[in-house]
Amino acid sequence: MNDDADQQHLTAAPGYARGQLAKAFTTALTHEDADTRRRAESRVTRWRAVLAGMSGGLLSIGSRTPVAGLPAWVTPEVVHGGFATGTPSAGGPLQPYETRLAERFGVPADRRALFAHCLTDAGLAWLWGQLNSGRYEVSVPEEGALLTMAWLVRHGETAAALDLVAELEPFADQLRFLPRPSTGRPASDVTDALYRRSVSDTVDRLVRRRPNAAVETQREALAVWQPFGDELLVHWLETAGAEDARVLELAPDADWLERGSALLSRYRQLAEEHTHCGKHRSPKENLGILRGALEETVAGRLLDARRLGLLRHAVASMVRRRGVPGSAPHTELRRVQRAQAALPSHHALAQVVVGRLAGLPQESGITDLTPVLAPVTGPEERETGLPAGAQLPPAVSRVVEDALSAPVATLVDRGVVPSAEVLAGLVPRLVAVATARSYDDPALRTLMAADYRAFRNRRSLLLLNLERQVRIEELPWVRAVAAQRGDGTAEAALLLRQLGELAVLGFPGTILPNPLVRELGVLARQSELGAPLVEELAADIFMDAFGPKFLVAAGIAGELLAGSLYERYYGIDYAAIRDLAIAEGTVHAGELTGRSDKSGAGPRTSPGFARLCAERAAAASSAPGRSKSSSSSGSWVAANGKVIEQSQILTTHNLATLVHRVGITPEPGWADLARRCFGTVCRLTARVHRNPWPYSAIKDAAYAWRQLVFHLSLCPPAEQRRVLDDLEAEAARHPAHVLIRLGPALAGLRLVADGGAFGADGTADGGRTRRLLGWTTDGHWLASDPTTGAPHGS
């Protein structure tokens, strides 16, 4: 990277947007589902707006101010990939609540008139009433702006209120700055309990459930067609004179024919009423053969030799498989099948749960699941006809459990939060509460929590030139009350430590997803711990540059890991990294601080760190015995990915910062986390086998492996050896292709733990021992078929 990189300014090309428009257009024209077509039509409209804005100069994709004429704090409408459409999220036609307020206030139905009314005594009184009650919603951050102005006026901060109004007024006709009145729970009713889905969302999911076609088909077969088939079989056995397959040796009498005709009439009625199962219509199925032969016979037509043979074979096979109807084995079989068919359907039980949820607050979670998940009660039996005592199936229970309201650690333990990505979606609510608690005034605390939750719904922009996303402190109404914040450093530090431990303990083999990194970053700034957290950079838009906080994070890793297994395994010189930090000025007053990330002062990039990552990626690019694959060879994205992976190795992608600066100490300890990481590695490696596109699984396996090496490095040497023994034993319990693939990586880890080292190419012992990395431009040894050595993927 050259020294002029700070002055370069790149914008996104329109090719991606054109591709997305084409995909949406195709879906809108061809998809069989009407709702999917409508959603695609909406995407077509938005992508056309993106392309029109880019071509007309309205949009500058890649900038933190992508829409001409709108400041960075305005929430943009953002589509897939971070492209702004040019429409503000708080803009567009008047919302129904705005129209109703205009009627109530007696002003024209336009935003500027509503804005002006809120500056009058009557308007301020209404806003103060909203602040007092807490019964309002803020769906986009702008909807909290005038509430903040009213709070400032009420507390004598007139100058600050006027400054805020002056900043908002140019956009009064475009953006909605009024809150949404709510009849639900007061916004001030906030706790540390979280829920993944509200009761209302849960009801919607249950209502959308449809009867399972396969289950209903099986139920119909057991309850209707199997018993009817028994009746047909008994009827044909009467013609034999004995219970064997020599049917139709005697001509059937008139009574038999009359009863056969009645059976056929009932068949037609059953077929009209029960339409799930269609096997009875097949002339090749036993039931179809018996019915077809009966129709011929009742009609007075003699059966030809072929049909007679089929009939005899069908009768014989039915008797052989299940016994004669009425016999003990046959009776027991049908009893079990009747009991199975009588079980309530999942769909019917889901509707019982819907009834139970109807009486609960709809816009919150469920604090006690016991009554909701209880078996069917007597009153419910009388109301629905379902048997009392019937248990809810797991498929229904899991939907309800997603609405559990509990501390986030409980949700992780119970599997309600199954991944770090889901955790990232819940954490903003906790951070909102922690952020708001630093405001002393209750009304302002409620408002700031609502603002934060709305702000976290703001979708990230595609940013180039190392620009950063807008922070909540940049919103004019949040900035206007910044002086009202107390010292929340201790609470922020505590929550940061709790969430960091929870993420590492709950998902040890997964790197922290960017949304979670952003939330933890907010807490890190508030706690003033000097704990820079770094995001995973996108390989397809990487610009060969890193912000200075990456070098700071690498320095913190060096403070923790100097001389460790981790440093030796990845061939890192942390002393040289500290020297680089001193040379670039990220070491201040004797310690690594991350000062530039907090204040915005100092250099925007760390050219030395970028150069180091590029050099390390180049050194790792060729190792003897690698398989070749056209899917990765020469790919500029893969080349970027290799550089980014080296940055993650040097910084440990936040693990060292969480341990060394934040102070996380997850129980039951580092050795257990290393073992669990290896479980993730094995699971991901298993996906490589016979996979034509194995590189995503390989990349994630290497990331989990890196976390394993980090956790193992925090164990004493004797414990490291015990863990390595456990990992080798665990690998042997997996399929042979997993054991063979991971053999070189396990050997490499053992080599370094015993004091050895890799060669410059990351291998030893003639390539039988290897350092495991994820990204490659010339094929990956993990992708080779262990039985043939041939590469998978193309």
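Trainee: Which residues does Phe678 touch, leaving out those up to four places away in sequence?

Mentor: Contact here is heavy atoms within 4.5 Å. By that rule Phe678 touches Trp705, Leu708, Leu727, Glu730, Ala731, Leu742 and Leu746. Bear in mind that this is a predicted model, where local features need pLDDT of at least 70, side-chain atom pairs count only at pLDDT 80 or more, and totals for chains, interfaces and linings use all residues. Numbering runs from 1 along each chain as its sequence is written, and side-chain values use heavy atoms, with hydrogens and water left out.

Trainee: How many residues are in the largest nonpolar core?

Mentor: A nonpolar core is a set of buried Ala, Val, Leu, Ile, Met, Phe, Trp, Tyr and Cys residues joined through side-chain atoms within 4.5 Å. Buried means under 20% relative accessible area, exposed over 50%, partly exposed in between (1.4 Å probe, protein chains only). The largest one here has 194 residues, and Phe678, Trp705 and Leu708 have the most contacts inside it. A second, separate core of 27 residues includes Val224, Leu237, Tyr267 and Cys277.

Trainee: Why does Arg111 count as buried?

Mentor: Because its relative accessibility is 5%. Arg111 sits in helix α4, residues 111–117; helices are DSSP runs (H or I, at least four residues), numbered from the N terminus. A polar atom of the Arg111 side chain lies 2.7 Å from the backbone oxygen of Gly92.

Trainee: And Arg219, buried or exposed?

Mentor: Buried, because its relative accessibility is 17%. Arg219 belongs to helix α9, residues 213–237. Its C-alpha is 9.0 Å from that of Arg338, 119 residues apart along the chain.

How values were computed:
Helix = DSSP H or I, 4+ residues; strand = E, 2+ residues; numbered from the N terminus. Polar contact = N/O pair within 3.5 Å; in protein donor to acceptor, adjacent residues only side chain to side chain.
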